[in-house]
Amino acid sequence: MPETTSEQASYPSLDYLIIAPHPDDAELGAGGTILLLKAQGAAVGVLDLTDGEPTPHGSPEIRRSETAAASAILGLNWRGNLGLTNRALVADLEARSRLAGMLRRLRPRYLLAPYWEDAHPDHVAASSLVDAARFWAKLTKTDLPAEAHYPQRIFYYFSVHLRLHPRPSFVLDVSSFLEAKMQAVACYRSQFIEGRSSTPPTILDDLRDRARYWGWSIGTHYGEPFLCREEIGLRSLRDLL
């Protein structure tokens, strides 16, 4: 059934929507980019597909509190949770319909999604789910909510459990936002601090080192890599590093 005008008005229109398998994946893979986009005046949201629980030191209540704290640091325009099941994420028709409906409500111009190659089955399923839901979101003569919408591009971020050496389509300079990104990631104490060794290099040290590597690759202090399956058009070469 089509949504009423008031129901649609409860969702902001976004320039960018980052889709994350679990709370913390958006921060890990694109936290600096989110902060950069916000500083440039973009409307940015995050849609977590699951609550990420259970985990050894977390709980649904702890994870919600951590997510709220990280979201405040990022300055997000919107954050939601699709309510799918952690550890059992499947890119089936029901999940595709639910995600496509959210894309039609939020109407993002661009999507950021997990890279499709990973050891974590939830990450692999999430990547496939975003691809399919993007297509479904543009369909007419359907019972999906809101008006048809087709995000222009999907940019895939790297928050993976494999020791991959990806060749990205581009790397964004996030040097000015790395410290705030690290603060946002550190909000997830149950995932990255509690029960983990404090002897360097810690998991947070590794995250900073990878950002330094990608920054080095483009001649800046810190960077975040992205891959796009489709060609990327430029209006100017002025912003190339």
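Analyst: The crossing of α3 and α6 is right-handed (a crossing is right-handed if the near helix is turned clockwise from the far one by less than a right angle, and left-handed if anticlockwise). Two packed helices are described by the angle between their axes and the distance between the axes. Here the axes of α3 (residues 60-74) and α6 (residues 178-186) come within 8 Å, and they cross at roughly 165 degrees. That angle makes α3 roughly antiparallel to α6 (over 145 degrees counts as roughly antiparallel, under 35 as roughly parallel, 65 to 115 as roughly perpendicular and the rest as oblique). The axes are lines fitted to C-alpha atoms, for helices over the stretch in contact, with angles from 0 to 180 degrees between N-to-C directions. Helices (H or I, at least four residues) and strands (E, at least two) are DSSP runs numbered from the N terminus.

This is a predicted model, in which local features need pLDDT of at least 70 and side-chain atom pairs count only at pLDDT 80 or more, while totals for chains, interfaces and linings use all residues. Residues are numbered from 1 along each chain as its sequence is written, and side-chain values use heavy atoms, leaving out hydrogens and water.

Two peptide bonds are cis. One joins Glu53 and Pro54, with omega about 10 degrees, and Pro54 sits in the loop between β2 and α3. The other joins Pro200 and Pro201, with omega about -5 degrees; Pro201 belongs to the loop between α7 (189-192) and α8 (203-217).

Strand β2 (residues 44-50) contains Gly45. Gly45 counts as buried because its relative accessible area is 0% (buried means under 20%, exposed over 50%, partly exposed in between, with a 1.4 Å probe and protein chains only). Its C-alpha atom is separated by 8.7 Å from that of Ile34, eleven residues apart along the chain.

Positive phi values occur in two residues other than glycine. Arg87 has phi near 70 degrees and lies in the loop between β3 (78-84) and α4 (93-106). With a relative accessible area of 59%, Arg87 is exposed. Ala146 has phi near 65 degrees, in the loop between α5 (121-136) and β5 (153-157).

Finally, the segment after β7 (223-227) holds Ile232, which is partly exposed at 39% relative accessibility. Ile232, Leu234, Leu237 and Leu240 form a nonpolar surface patch with about 420 Å² of accessible area together.

Definitions and conventions: Patches are made of residues with over 30% relative accessible area and no salt bridge: like charges are joined within 9 Å, nonpolar side chains (Val, Leu, Ile, Met, Phe, Trp, Tyr) within 5 Å. Accessible areas come from the Shrake-Rupley method with a 1.4 Å probe; for residues, only the protein chains shown count as cover. A salt bridge is a side-chain nitrogen of Lys or Arg within 4 Å of a carboxyl oxygen of Asp or Glu.
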